[in-house]
Amino acid sequence: MCGIVGAIAQRPVVEILLEGLRRLEYRGYDSAGVAVLDANNTIQRTRALGRVAALEEKLQQQPARGMVGISHTRWATHGEPSERNAHPHLSSNHIAIVHNGIIENYEELREALISKGYHFESETDTEVVAHLIEETLKTESSLFDAVKAATKQLRGAYALGVISPDEPDTLIATRKGSPLIVGLGLGENFIGSDVQAMLPVTNRFIYLENGDFVKLSRHSVEIFDTEGKKLDRPIKESKACSLDSDLGEFRHYMMKEIHEQPQSVQNTLEGRLGRDTIKQCIEGENVLETLQQVKEVQIIACGTSYHAGLIARYWLESMTDISCSVEVASEYRYRRQPQRDGVLFVTISQSGETADTLAALEKAKSNKCLATLTICNVAESSLIRESDLSLMTVAGAEIGVASTKAFTTQLVCLQLLVGLLAQANGDSLGVVANIVTNLKKLPVLLESVLDKDAEIEILAEHFAEKNHALFLGRGDQYPVAMEGALKLKEISYIHAEAYPAGELKHGPLALVDNEMPIVAVAPNTTLIEKLKSNLEEVRSRGGELYLFADKKVGISQKDNIHVVEMEDVPETIAPIIYTIPLQLLSYYVAVLKGTDVDKPRNLAKSVTVE
Ligand code: G6P
């Protein structure tokens, strides 16, 4: 998703900006650009379709030099990916601007600006903001005041970085809805969409709040609210470390991250398990008192994180008397919900910056839930900062757009949460001891599933030429099937759907023929006999089955059944273990199809727009 990097320094900033953009590449984007004020105080802009490397190449051919500049990686929303639509956008070589977010009323603003004589070069909503600032500058006395006045007319979400030859010693920034962070250096200051972009130049950051306006010079950073009141925002020293960009023996980050899962699960469990109890590992105030008052858990997330929430609902309702509902954030945020007492509102997010999830959290806070808790992989993220309580996944930085180790560590945290809720409420069923025993086995069991790698690589050959696939599971394996289908869609571009196996006969069975591979996850759980009957329904209609099945369930290899035998694993952790072969399957199918595994088309890692 769009990434912003800006710098004002006493040294040339182009290389700082480019390095920042490279560090934002993992978020997903389709074009990139940079603008600096040169020695003649003229805006020098360079943009390129495609990778930051293409921008770099252009800059090598036609170097730009300046001590203040802004730069951007664009993930297209308004207007196709092209050089013309790439940021920075200009207004008559007088204003340069980068933007992350969506301006909802851009069409009406555009019409009004055209009638005033402004000429548009792009199809973007961002160019509207550039011209609007230019227009307001006619009546405002400074660039800062013009940005403030212009943003008053905007509806939607934005993080903005603005420079102008009028004020060559100033960089203006503001945010509403989209994240933006200020980085503090010595005699130089920066803005960035996340800390990763600025880690090579500083580890001191100010996290801007919605409605903040910032005036950066080389020696000062001044922050104001919408009323013009000066604000004193805390400076945080970041402990974040640079993304580990070393691929080691792996061809893709996704594969590296799949193989890191035993370790990331181990790291997430580290120091959190007692002999048969779970240690208090939730950050925040009055944790125990809060957990004792929970009557209901409401989970909100997007994408893969949503699937983690769906699995947790099965766990929570089978192991405690607390009810649970799960919903995608983009739906929840616009839906009226009656107020209930004792609701623990849980968000799950790898990045902690997903716009819909953040908006859902805002809504939950205004609905006065008992407490908000986020399960997240980024300690300094917006979701963590906005939530009362937090429970960290310790997955390490995840670079592949398709989430793998973040998902399995989220599941570990969700199981810890279920255990902590049971523990706080008297656990009469021995749930906690069972969770602890099984979680301790998890890293080793994950290692042994990874050994199936070669077998799954061979299986993948059956999928590479197919256009569709069905994924089946029952109970808490149904969301595992959903996650398997999502992985296949995301990286191999094969259409895949997941069904609870019991629903087959209500429609999807009509699709079954030998062109429709059917993948099923079959651990040895209470529902296994039911699942076996559902699989027979498929087989007797000529369907080709690909099963990841516990060796004890007695499903053997036949003509149209391909079985990958799995070790017998405890039921409570089976969803975590059965996720791995599905990740490997989609990875190998994608490699065979030759797709861009780590940066699949049209997708972004961190989705900071609605
Ligand atoms: C994007 C990513 C997914 C991720 C989803 C939610 O779509 O490509 O991998 O699951 O966002 O992201 P979050 O950071 O909130 O978990």
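The crossing of helix 3 and helix 4 is left-handed (the near helix is turned anticlockwise from the far one by less than a right angle; clockwise would be right-handed). The model is predicted: local features need pLDDT of at least 70, side-chain atom pairs count only at pLDDT 80 or more, and totals for chains, interfaces and linings use all residues. Residues are numbered from 1 along each chain as its sequence is written, and side-chain values use heavy atoms, with hydrogens and water left out.

Helices here are DSSP runs (H or I, at least four residues), numbered from the N terminus. Two packed helices are described by the angle between their axes and the distance between the axes. Axes are lines fitted to C-alpha atoms over the stretch in contact, and angles run from 0 to 180 degrees between N-to-C directions.

Helix 3 brings Tyr106, Leu109, Arg110 and Leu113 to the contact (heavy atoms within 4.5 Å). Helix 4 brings Val128, His131, Leu132 and Glu135.

Now turn to another pair. Helix 16 (residues 478–492) and helix 18 (residues 574–593) pack at about 20 degrees, their axes 9 Å apart. That makes helix 16 roughly parallel to helix 18. Their crossing is right-handed. Among the contact residues are Gly484 and Leu488 of helix 16, and Tyr578 and Leu582 of helix 18.

Note on methods: Helix = DSSP H or I, 4+ residues; strand = E, 2+ residues; numbered from the N terminus. Parallel < 35°, antiparallel > 145°, perpendicular 65-115°, else oblique.
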